[in-house]
Amino acid sequence: MSLPKPAMRGLLAKRLRFHLPIAFGLSIIAAVAFKFTVTEPRKQAYADFYKHYDSMKEFSAMREAGVFESVRPTGK
Amino acid sequence: YINTRVLRGLQSGLSSDRLWSFSSTASVAARSYSHGKQETDEEFDARWVTYFNKPDIDAWELRKGMNTLIGYDLVPEPKILEAALRACRRLNDLASAIRILEAVKDKSGPHKEIYPYVLQELRPTLSELGIPTPEELGIDKA
C-alpha cells in the first residue's frame, strides 16, 4: 500500500482564498446589521425626543424643583 | 511584501498585493517581486536541496535553513527533507533530525494525509541514518 502524493503547497493560500471572503463578508454584514438595528434607532430616538423639546419649560420645572445653585425657585 | 507564489497559485483576480503581506505566511519566492522571472517549484526544491547538501554546512545554517523553509506556505518536499536530515547526520544532530519530522507534521495542519506520505518517502533515509520518528519514541503525544 503506497500512499499517493498529496497536495503540499499553497495550503494556507487555498484556505484563505475560501475563508477570507467569508470573513470580510460576515464582518461587513455584522457592521451593517449593527448600524440598522442599533445606531439608526438610537439616532431616531434622539431626533424624536428633541423634535418637540421645550428647553425653557424643562428648565423651569428643574428650577422649581430646586436643583440649581445658580438660580433659586421663583418666589424665593 | 508581495506573496508572488500565492498570487501565482491562486490565479485569482485579487488585485491588492497588500492583501497577502502577512509577516508569518511568507512567500515561497526568495525575492518577493511581482515582476521578474517566477521560480518554478522544481527550481525552488533544487535550490533548497543544494542548500542542505553543502558538505560543510554548519549548525547555524541548518537552523536558519529549516526555520526559513518552515516559514513558507508549503510542506517541504521529501527530497529537501532528506537533504536536511543528511545535514543533521553530518552535524551529529539527532535532535534536529527528529524535530524536522515534528515540524513536517505540524506544517501539515489539518491535512493528515501529508505526514504519513512524507514518512513513507523518507523511510529508506530514516532507516539508513538511524533516525527514529517521534511516534516510535512515544513523544508524539503530550
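## Ground rules

A polar contact is a pair of N or O atoms within 3.5 Å; within protein, one of the two must be able to donate a hydrogen and the other to accept it, and residues adjacent in sequence count only if both atoms are side-chain atoms. Keep that in mind, as it comes up soon.

What you're looking at is a predicted model, where local features need pLDDT of at least 70, side-chain atom pairs count only at pLDDT 80 or more, and totals for chains, interfaces and linings use all residues. Residues are numbered from 1 along each chain as its sequence is written, chains are lettered from A and ligands numbered from 1 in the order in which they are written, and side-chain values use heavy atoms, with hydrogens and water left out.

## Where the two chains meet

Let's start with the interface. Chain B brings 23 residues into contact with 16 residues of chain A (contact means heavy atoms within 4.5 Å). The size of an interface is often given as the accessible area lost when the parts come together. Here the buried area is about 1700 Å², and carbon and sulfur atoms give 63% of it (this is the accessible area, with a 1.4 Å probe, that two parts lose on being put together, summed over both).

Between the chains there are nine residue pairs in polar contact, both residues being at pLDDT 80 or more. On chain B, the elements giving two or more residues to the side that touches chain A are helices H1 (4-10), H2 (41-53) and H6 (114-129) (helices are DSSP runs of H or I with at least four residues, strands are runs of E with at least two, and both are numbered from the N terminus). H6(B) gives the most, with five residues. Sorted by type, this side of chain B has 13 nonpolar, four polar and six charged residues (Ala, Val, Leu, Ile, Met, Phe, Trp, Tyr, Cys and Pro count as nonpolar, Asp, Glu, Lys and Arg as charged, and the others, Gly among them, as polar).

Side chains of opposite charge can pair when their charged atoms come close. Four salt bridges link chain B and chain A (a salt bridge is a side-chain nitrogen of Lys or Arg within 4 Å of a carboxyl oxygen of Asp or Glu).

Which residue of chain B forms a salt bridge with A:Arg9 at 3.5 Å? That's B:Asp41, so this pair crosses from the segment before helix H1 (11-51) of chain A to helix H2 of chain B. A:Arg9 is partly exposed at 22% relative accessibility, and B:Asp41 is also partly exposed, at 25% (buried is under 20% relative accessible area, exposed over 50%, partly exposed in between, with a 1.4 Å probe and protein chains only). A:Arg9 also meets B:Glu77 in a salt bridge of 3.7 Å, N to O, and its side chain makes a polar contact of 2.8 Å with that of B:Asp45.

## Salt bridges within chain B

Over all chains, the count is 16 salt bridges. One of them joins B:Arg99 and B:Glu102, with the closest N and O atoms 2.6 Å apart. These two sit three residues apart in helix H5 (residues 94-108) of chain B, so about one helical turn separates them. B:Arg99 is exposed at 56%, whereas B:Glu102 is partly exposed at 22%.

Another joins B:Lys141 and B:Asp140 at 3.1 Å. B:Lys141 is exposed at 61%, while B:Asp140 is partly exposed at 28%.

## The annotated span of chain A

An unreviewed UniProt entry lists residues 20-38 of chain A as "transmembrane region" (such annotations may be inferred rather than shown by experiment, and positions follow the numbering used here, with feature names shortened). In the model this span is 100% helix and 0% strand, and its end C-alpha atoms lie 26 Å apart. A:Val38 is 29 residues from A:Arg9 in sequence and 44 Å from it in space, C-alpha to C-alpha.
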